[in-house]
Amino acid sequence: MKKNILFSWVTVILIMMSLLPTFAQQPDGPPPGAPQGPPQSGQRPGQRPGMDLNSMVTSTTGVIAGSLVDENAKPIPYASLYVLNAKDSSTVAYGMTSEEGRFVISKIPFGHSILKIDYMGYRTFYSQPFALSQNNPVYKMQQLKLDQKATMLGTVEIKAEREMLQSNLDKKVFNVGSSVTAEGATALEVLEDIPSVDVDLEGNVTLRGSENVTILVDGRPTNLTLDQIPANQIESIEVVTNPSARLEPDGMAGILNVVLKKKRESGFNGMVSLRGSMELFRNKPTLGGYGGNISLNYSYGKINLFLNYDLRGHNHRNGGTMDRDYWFGTDTMHLSQDNTGLFGGMGHSLRTGLDWFINKKNTLSFTLSYNNNTHKGGNDLIVSDDSIRNGEYIPHEYYTQISSDRNVRHNFTASVNYKKTFETKGMELTSDLFYSRNHSNRRDTTAQEYGFPSDAIDIFQKTTTLDDNTTATGQVDFVTPVGKGGRIETGYKISYRSIGEDYRFFSGNDTLPMWQDYRQSNHFVFTEMINALYFIYSNSFWDKLKIQVGLRGEIANTKSDLKSAGEVHYKNYYNLFPTAHIRYDITKEHSLQVSYSRRVSRPNIWQLNPFLNVSDKQNYRCGNPDLTPEFVNSVELGYLMTIQKSSLNFTAFYRQRNDIISRFTEIFRDSLDGEPHTYTLTSYRNLDKSQNFGFELVYGQQLWKFWRITLSGSFYRVIIDSKEQIDDYLARDWTWNARLNQSFNLPKDWVIQVNFRYRAPSITTGSMGWGSGGVGQGKRSGSYSLDLGVKKSFLNKNLVVSLNIRNLVCSHKSKIITYMYRDNYGYDAVSIRDRGWFNVSLSVSYKINNYKKRREIPMDSGEEPYEE
């Protein structure tokens, strides 16, 4: 494997080095986004070779052409364009941007006109008036840009602010900066507001009812957990359920991509913010979270620098109970557990980067980040165990378990990205190197004090866990236009991942000192190397039909090394992952899309580790080194409607899963210290297959100028066919969820946002227990919550104060039932989790900008801004 790693990395480095000489071959020019000057005669921005605008002119009509991008200079596809008569605002012509954001509109009557642009997620845009005549029948617009700045039209101010949720056929984009309730939150809390995404009390994320979802940060794997990423560092979160072959096929349900902010504004600017919160737990107030953030950006000439530092402290309480009845023959046993916990910590996050716009066709970017998190926690657990044997009640034991833990985690991430464009429009080469190292040191101590039997010896335990995780990737991508309107995209990626865990167990009691128990210690290292190639072809036909087909091939080599037992397992996988997307634009406002992808879910370190953890003698746990990857075939049919102030996105989906990786809990009985001992064992198995089908709906409506609503929901069916004896109640399920987000933009810079969400009861796919406990097959109760956010701007919108109440009204308890019945034995259990609620947070932020006020200019004028 080491030879493969060396060879693959040398290949990537040689490719990047071969690109460096091209820097000197390109003429110097301004960076992307800078004014480019007027287009050459006979050529419009983004015009394909061979297109003659003058040939589209008639004796009474003319032509306009241009391109449209967002605030990050990315093309905006399929935006609706309307040419209005400047005198009476009547529509005289219309069109739509292409996939590359370009447009040409002909048959525009001579005279003065205005271009109107509608695109979901942005406010309507109006251009400055322009004139067409027999002498000047062609008007070539400079690149149009939709962003959050105001555009002046006479005495009318029109804002192009992005809506909180942009819903397209291929993905949904949640713009975090537009969410009031995201102020002071984490990425994990932001996910609660996104359609089709659920977060349970344990922080487990599900997409369309499946926990098998891949989470990326800026399109790359991450060693960070979502609660370590502050919301104020996030630009948007993308939900992609049927990605193209360019993206990795991991994640049965799809991909959640967290896009971090990277400002590119001229001069020096920044923002400073402070926040604090409190919450209620069992009707008692407690300090929630606190912290501060500073973001700085400096751009001059061809260099852009940014720096972000975040300090975050948190405190939370939780609790719960579990009651389990189990039987063997005529013997019946009962186990009761009652748990309360307090956990908190402090985190530091530093992120910096540099963009070098070498010339008009070459850009080089560097990003570095460091995270340090210290976590502390404590739990009190009361356990009662008794049985009825041959009709006689027999108490077994009663004890209190007091535990504490401390975990210090360090994470370092670095990336280098190179982008090159060519004279041929649409041709692009990018290469990317990424490295991440995560190291943590966790220490747990436990004291188990017996109340019954009276002669039982109190037990003391200590564990240390050292985690060392490394992720490295190298990628090269090339895009080129082919034929008439076609495009080919291809690339190579190598991924290396190493996850190591060194777990050491120490035990003692009233009579014996603490000593290391090597039988319960575990050192496990999992390594994985993946080489991947992909190819994508796309084209458009008749300006209405667009197709994209792709194929990704992967070779995966894995090694599972249980060093503490000298046990090694190797597995190699060779797989193809086809994708297909077909889109048909019925009209300018209505579109249909069909998509297909084959995806995979590979078992992780905890699922593969065969070590038997018996630290909780009522609930044993272990992995399964014989697990095989899970594969899924996913098909979606989508419909998108965008008309003026309304948008509707309807998606019907079907997923077929094979060799499902799932937790499974069984009950066993043997002898411990000469006495019958009953316990559960939770492990992982490949079930046969399952089907998941349903639909989801996202509807957005601007009711009035100040009031916008977004209503979303999904309804789906899950059917699991398994060789295990799972009851139909836990293997077949109809479930649904709904969300209603309302935003009110009130006078004097007041903004109010109200979010409500409901999740119906559903079957579980993973552990819903706590601590060392856990259940496999089960069913979870429904839940609901209501969030309220209020924001007020001062000092010309430079000072912003936000008040948020999360879980203003909520079901702060979650109930899970699980059971297994056999001929002469079985069990059933009920677990109830309790969490904090009514979380109130206050955030204050101030924008820093040291350059003078700039004169507003038309977005299509091509003028450069200047200081007054």
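Predicted model: local features only at pLDDT ≥ 70, side-chain atom pairs only at ≥ 80, totals over all residues.
Biologist: How many helices and strands does the protein chain have?

Modeller: The protein chain has five helices and 46 strands.

Biologist: What share of the residues is buried?

Modeller: Buried means under 20% relative accessible area, exposed means over 50%, and partly exposed is in between (1.4 Å probe, protein chains only). Here, 52% of the 868 residues in the protein chain are buried. The chain exposes about 39,400 Å², of which carbon and sulfur atoms supply 57%. Those areas come from the Shrake-Rupley method with a 1.4 Å probe, and for residues only the protein chains shown count as cover.

Biologist: What share of the contacts comes from residues 24 or more positions apart?

Modeller: A contact is heavy atoms within 4.5 Å. Among contacts with a separation of 6 or more, 67% join residues 24 or more positions apart.

Biologist: Now strand pairing. Which strand pairs with S37, and in what sense?

Modeller: Two strands pair if DSSP finds at least two bridges between them. S37 pairs with strand S38 (residues 732–746) in the antiparallel sense, over 13 bridges. S37 itself spans residues 707–721, and eleven of its 15 residues are buried.

Biologist: How many aromatic pairs are there in the whole structure?

Modeller: Rings of Phe, Tyr and Trp (its six-membered ring) pair if their centres lie within 6.5 Å; planes under 30 degrees apart are stacked, over 60 edge-to-face, and the rest tilted. The whole structure has 19 aromatic pairs. One of them is Phe 668 with Tyr 679: the ring centres are 5.9 Å apart and the planes stand at 25°, so this pair is stacked. Phe 668 sits in strand S35 (residues 646–672) and Tyr 679 in strand S36 (residues 675–704), so the pair ties together parts eleven residues apart in sequence. Phe 668 is partly exposed at 30%, whereas Tyr 679 is buried at 11%.

Biologist: Back to S37 and S38. Which geometry do Phe 715 and Trp 734 show?

Modeller: Their centres are 5.3 Å apart and their planes at 15°, so the pair is stacked. Phe 715 is in S37 and Trp 734 in S38, 19 residues apart. Phe 715 is partly exposed at 32% relative accessibility, and Trp 734 is partly exposed at 47%.

Biologist: Which residue lies over the face of Phe 506?

Modeller: A charge sits over a ring if NZ of Lys or CZ of Arg is within 6 Å of the ring centre and within 35 degrees of the ring normal. Lys 462 lies over Phe 506, at 5.0 Å from the ring centre. Lys 116 lies over the face of Tyr 82, at 5.5 Å from the centre.

Biologist: Next, the backbone. Which peptide bond is cis, and what is its omega?

Modeller: Most residues other than glycine have a negative phi, and most peptide bonds are trans. The bond joining Phe 452 and Pro 453 is cis, with omega about -5°. Pro 453 is in the loop between strands S25 (428–452) and S26 (459–482).

Biologist: And where is Arg 282 found?

Modeller: Arg 282 lies in the loop between strand S19 (267–281) and strand S20 (284–300). Its phi is positive, about 50°, although it is not a glycine. Arg 282 is partly exposed at 40%. Asn 807 also has a positive phi, about 60°. Asn 807 lies in strand S43 (residues 799–810) and is buried at 11%.

Biologist: Which side chain makes a polar contact with the side chain of Asn 839?

Modeller: A polar contact is a pair of N or O atoms within 3.5 Å; within protein, one must be able to donate a hydrogen and the other to accept it, and residues adjacent in sequence count only if both atoms are side-chain atoms. For Asn 839, the partner is the side chain of Glu 279, at 3.3 Å. Asn 839 is in strand S46 (residues 837–849) and is buried at 11% relative accessibility. Beyond neighbours within four places in sequence, Asn 839 contacts residues including Ser 277, Met 278 and Arg 806.

Key
Residues numbered from 1 in each chain as written. Heavy atoms only, no water. Helix = DSSP H or I, 4+ residues; strand = E, 2+ residues; numbered from the N terminus.
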